[in-house]
Amino acid sequence: MRIDAIDQRGVYSPLRRFMKLILRDKAGLFGVILFLLIVLIAIFAPQISPHDPLQQNLRLSRQPPAWQAGGTWEYPLGTDNLGRDMLSRIIYGTRVSLTVGFLGVLIASTLGLVLGMLAGYMGGRTDSFIMWITNLFLAVPYLLLVVVVASILGRSLLNVILIFGFTNAPLFVRITRGEVLRIRKSGYVESAISLGASQGRILFDHILPNLIGPLLTVATFEMSGMIFYEAGLGFLGLSVPPNIPSWGNMLSAGRQYIQFSPWIAAYPGLAIVFTSLSMNLLGDWLRDVLDPKIRRSA
Amino acid sequence: MEKKKIIGLGLVFLVMVGTGTALAGGGREAPAAPVSTLRVAVPTFPNSLDASIAAERNAQNVAWQMFDSLVWANDQNIVEPALAERWDISDDGTVYTFHLRRGVTFHNGEPFNADAVVYSWERGTQPHIEWSDRWGRAKSVEAVDEYTVRITTEEPDPLLLGVMAQHWNIIPPRYTQEVGDDGFGQAPVGTGPFEFVEWVREGRIVMRANPNYWREGLPRVDQVIFRPIPESSTRMAAIQTGEVDIVNRLTVEQAEALEGVPGVNVVTYPIDRVFYIAFNNLTTGVDQPTEDARVRRAMNYAVDRQAIIDSLFGGRAQLATGLMTESNLGYDHSIDPYPYDPARARRLLADAGYPDGFEIGFAAPAGAYTNFEQVAEAIQGYLADVGIRTSLDIMESGRYWDLEAEKALPPLFGDSWSERSGESLPRLLGALGGWDASFSAWSDPTIDDYLARIGVTVDQDERAQLYRELHQFMYDDPPFIYLYVPETFEATRDNVVDYMPRAAEDYFLMFTYIR
Amino acid sequence: MQRYLLSRLIQSVVLMIGVLVLVFFIVRLTGDPARLMMPRDASPENIQAFREAMGFDAPLHVQFFNYMRGALTGDFGRSLHYRAPAMSLVVERIPATLELALAALFFALVVSIPLGIIGGTRPGSIWDTLCRGIGLIGQTVPNFWLALMLIVFFSVELRWFPTFGRDGLRSLVLPAIALGFFPLGKFTRLVRASVLEIRNEDYIRTAYSKGLLEQHILTRHIFRNVAITLVSIVGVQFGYMLGGSIYIESIFAWPGIGRMVNEAVQARDFPLVQAIAVFTAGFVVLLNLLTDIAYAVIDPRIRYEN
């Protein structure tokens with residue numbers, strides 16, 4: 001059924017099909033719009049930021065947001081403890097979060113795809129070995145693994161991306177392998193084999209396209225998770241260096257002021273919540289669209 | 001059948017939750033409060049309650065409430081008698097004879113005598129002891145008779161008494177041998193004002209007043225409970241709700257916010273740490289304009305340090321006049337900090353042959369000190385105003401300190417140095433010791449001479465005079481841009497009396513009481 | 001059944017050996033564990049002395065052999081910071097962490113099961129919206145942020161609960177809510193989905209519409225499905241909570257393993273970090289084993305498939 005759906009893609013205009021699917025689900029629509037908005041914010045950060053996110057003005061530190069007493073529209077979301085514009089920092093933080101999330105997921109899914117397909121397709125010892133390694137990583141509580149590795153490697157953007165990329169790969173391995181096994185068992189691929197299709201052809205023509213759907217869904221959720229966990233690392237002082245305006249660093253710095261300048265921690269917190277929300281809604285919607293069984297029940 | 005299984009499984013789960021909770025939490029309640037209890041929040045938890053093994057300041061503070069040394073340094077850093085009633089020093093300054101206080105017993109009843117001092121020193125110098133180098137400042141410790149101890153040093157050591165006061169906790173030989181070092185660190189016995197009651201790991205440390213304490217009338221509370229709270233916003237919440245009586249290591253903003261809270265007093269004091277921008281005349285700074293004293297003075301005039309303090313630290317820091325702080329021996333109060341005077345800076349630069357300024361490298365560590373990156377950026381701006389163009393490199397702190405130890409940082413580099421001995425000698429040696437010191441990039445024969453003389457002058461007044469002269473010399477020919485001495489922020493409930501933390505962030509709760 | 005149990009047991013043991021190997025190599029990720037564990041101003045001589053004392057100067061295979069031999073007897077060396085056997089430090093903190101995790105789990109289940117069932121049985125209703133909302137919020141609000149907010153509101157403003165510490169039941173409430181919020185979201189979503197799923201099974205729908213299925217039988221089916229779903233996820237969530245406790249225990253000054261992770265990492269006390277990693281991984285492996293067994297008990301098909 002899924003195979004049919006994918007194969008029919010060429011028949012309809014993909015855009016029309018997308019519009020039809022997205023308009024049916026209000027929550028999904030909201031998620032997609034929010035997500036696109038966040039991506040646009042990240043891309044056009046230099047154009048839309050009212051200030052330089054690193055420019056401090058100590059005389060104007062901890063100004064409240066514009067609508068509170070003492071706030072000005074010069075700094076719509078107020079300023080942080082060093083007088084830097086909160087809005088600009090949150091806008092630039094979008095770049096850090098999306099970079100971490102996107103590249104992290106790219107590394108994790110690429111690794112996961114290759115190893116998962118290898119495991120699922122080769123079977124036997126290769127499969128056992130890859131799955132053993134995978135389960136190994138899954139046995140150590142995820143956050144503990146991330147915190148320990150981050151503390152060993154030290155603070156840098158690249159390290160954060162690599163850590164998330166590698167520690168998330170096992171999940172993708174597991175899902176890829178499961179899908180490969182499922183697809184291989186389906187009559188569709190079995191008939192292709194019996195018709196004498198080559199191994200490579202089966203992998204690339206039949207199995208790979210069918211993997212994209214489930215992996216895309218998982219990738220969306222995982223990206224949201226990475227953005228979430230970047231904030232967590234920032235809170236422990238293990239994320240990107242402090243001179244990069246990431247939401248995690250902002251939250252970490254803002255927590256000292258939570259009682260008397262709550263906006264310093266509140267807005268990066270909200271940014272994380274909204275980004276995470278958009279991706280979760282997007283993921284829910286993708287799963288509904290790509291998995292007809294659940295679609296019907298939801 | 002199915003249903004039963006599920007119900008069964010659910011029951012198993014509930015029982016698991018129930019017993020787990022009961023096992024873990026059952027029957028453990030806070031002990032009933034006696035007449036007067038002081039509850040102190042500490043930001044980290046002690047690794048050990050043995051003062052010779054307690055690794056950092058907070059652990060030391062907890063441990064030292066239970067111990068005494070032979071001598072004690074009072075709030076003015078003057079060494080006073082403690083377990084030793086008096087002492088004589090030989091003419092060459094290497095032999096100390098201590099006459100011990102009689103009739104003192106350890107909390108477990110063991111008598112305090114010369115053997116206990118000798119045993120404490122022998123154990124303290126073993127390599128696995130955290131502060132073995134401090135114990136090791138004495139070459140030998142011998143019992144002359146039951147209440148006389150002779151301590152010998154290799155060379156005259158003017159810091160010996162201060163170090164003893166800070167690090168030599170006298171322990172009972174019999175008990176320590178019985179329980180071993182680990183056991184001692186978990187349930188220590190000393191002669192101090194408080195005796196150990198219990199240590200619930202990472203939960204609480206409870207001590208009660210030593211009824212036989214040799215200092216008459218002390219301590220003034222019946223019980224002290226230390227509570228570890230690592231998160232500073234939680235510490236702030238806990239002092240507001242009155243769950244603890246004393247908190248330390250707050251941020252300046254938290255202190256400001258607490259100033260308006262009824263029932264809470266904010267305690268602020270400068271700590272013994274100096275921030276500076278160092279010059280280099282050993283490696284990267286050779287043949288640079290900064291070898292000229294006029295240039296270095298110009299740079300001290302060029303930076304508006306008060307503005308930096310006002311904006312970045314809410315005015316809560318003091319201008320440094322040298323590498324010494326007010327609490328240090330021989331600090332010259334008549335020296336005023338360099339004023340902000342960019343015109344004078346330009347004149348000095350012109351005199352030195354740089355009317356249009358010059359270019360020079362500048363580095364600072366990231367994330368190591370509060371707002372220090374911003375301080376460095378501000379300094380870069382001020383230097384540019386008088387024509388000194390710097391390329392500021394803010395580096396990850398681990399790499400920064402590696403480079404600093406290799407003397408491979410640019411000719412201008414920022415850092416800070418704290419000291420706990422009450423004297424500035426270790427800091428001066430560390431930051432100015434030339435090739436011999438791992439974090440120094442400066443060498444000046446006059447300074448070397450002063451430091452060598454201070455290092456062998458046992459007489460406190462003579463030493464103070466040498467410090468004063470050096471202070472003036474280093475003001476006129478500054479090897480640093482002197483920045484600031486930071487303050488630390490603590491808070492107490494307003495019924496806490498006589499809580500007096502000192503510049504090294506140490507405190508003695510025997511004087512403190514609850515009104 | 002016995003064969004299934006035995007094979008799962010062997011798998012678990014092999015996995016644990018793998019975890020030991022993994023932890024051994026993680027600490028050597030930067031190549032020089034001695035440099036990693038020593039303070040920044042340690043002299044080269046001190047580092048060398050430390051390297052020798054810890055046996056880091058031995059060839060890698062010798063180090064590995066010594067490590068494994070120690071590990072198999074429960075000896076992970078001494079904590080550098082606390083100067084005590086690392087594993088006994090971990091074991092000491094188990095009750096506090098277990099108490100918190102179980103309380104969080106309890107909170108999450110007590111709220112999510114009714115909420116998810118109500119939401120799932122009335123899709124599209126206001127309850128369903130609430131249910132989906134909680135599900136999303138639970139998964140998008142960072143727990144440490146929630147923890148700080150709970151302290152400000154319930155401790156400082158209302159003075160209902162203590163701000164920190166482990167002093168009886170009242171002090172357990174806020175940390176348990178903060179830690180249980182993420183699983184709460186997850187459980188609510190899953191319970192709702194599993195209720196929807198069973199209601200939409202063709203045979204159930206047909207039977208129900210024809211009046212062949214009575215309400216209480218439907219209810220039974222729903223509960224069974226919910227139970228299966230939850231059993232499969234509780235183990236995984238427990239692992240998550242061990243991680244999440246790093247934050248919650250630090251903020252609430254809760255004397256458990258999570259807080260010790262934070263302190264050990266800050267103090268660069270890697271023997272202790274090793275012991276914690278191995279212990280928690282062992283716990284998760286054990287939990288997964290129990291989950292599988294519970295699963296096999298509920299759903300007999302599983303054991304034959306494997």
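Q: How do I read the packing of helix α15 of chain B against helix α16 of chain B?

A: Two packed helices are described by the angle between their axes and the distance between the axes. In this predicted model, α15 (residues 445-456) and α16 (residues 460-476) of chain B have axes that come within 10 Å and cross at roughly 165°. Since angles over 145 degrees count as roughly antiparallel, α15(B) is therefore roughly antiparallel to α16(B).

Q: What is the handedness of the crossing where α15(B) passes α16(B)?

A: The crossing is left-handed.

Q: Which residues make that contact?

A: From α15(B) come B:T446, B:I447, B:Y450, B:R453 and B:I454.

Q: Let's turn to the chains. How many residues of chain B are in contact with chain A?

A: The size of an interface is often given as the accessible area lost when the parts come together. Here we can count residues instead: 15 of chain B are in contact with 16 of chain A. On the chain B side, α7 (232-241), α8 (252-258), α10 (305-312), α12 (372-385) and β16 (388-396) each supply at least two residues. The most comes from α8(B), with three residues. This side of chain B divides into four nonpolar, eight polar and three charged residues.

Q: Which residues does B:N58 contact beyond its neighbours within four places in sequence?

A: They are B:V42, B:P43 and B:T44. Take B:P43: B:N58 and B:P43 are 15 residues apart in sequence, and their C-alpha atoms are 7.4 Å apart in space.

Q: Stepping back, how many helices and strands does chain B have?

A: Chain B has 16 helices and 21 strands. The C-alpha trace of chain B spans about 90 × 75 × 45 Å along its principal axes. Of the 515 residues in chain B, 46% are buried. For contacts in chain B between residues at least 6 apart in sequence, 69% join residues at least 24 apart.

Q: Where are the domains of chain C?

A: Domain 1 covers 2-72 and domain 2 covers 94-266. The C-alpha centres of these two domains of chain C lie 36 Å apart.

Technical notes
Residues are numbered from 1 along each chain as its sequence is written. Chains are lettered from A and ligands numbered from 1 in the order in which they are written. This is a predicted model: local features need pLDDT of at least 70, side-chain atom pairs count only at pLDDT 80 or more; totals for chains, interfaces and linings use all residues. Helices (H or I, at least four residues) and strands (E, at least two) are DSSP runs, numbered from the N terminus. A residue is buried if 20 or more other C-beta atoms lie within 10 Å of its own, exposed if 12 or fewer, and partly exposed in between; C-beta atoms are placed from the backbone. Two residues are in contact if their C-beta atoms, placed from the backbone, lie within 7 Å. Domain bounds come from an automatic or database domain assignment. Axes are lines fitted to C-alpha atoms, for helices over the stretch in contact, and angles run from 0 to 180 degrees between N-to-C directions. Angles under 35 degrees count as roughly parallel, over 145 as roughly antiparallel, 65 to 115 as roughly perpendicular and the rest as oblique. A crossing is left-handed if the near helix is turned anticlockwise from the far one by less than a right angle, and right-handed if clockwise. Ala, Val, Leu, Ile, Met, Phe, Trp, Tyr, Cys and Pro count as nonpolar, Asp, Glu, Lys and Arg as charged, and the others, Gly among them, as polar.
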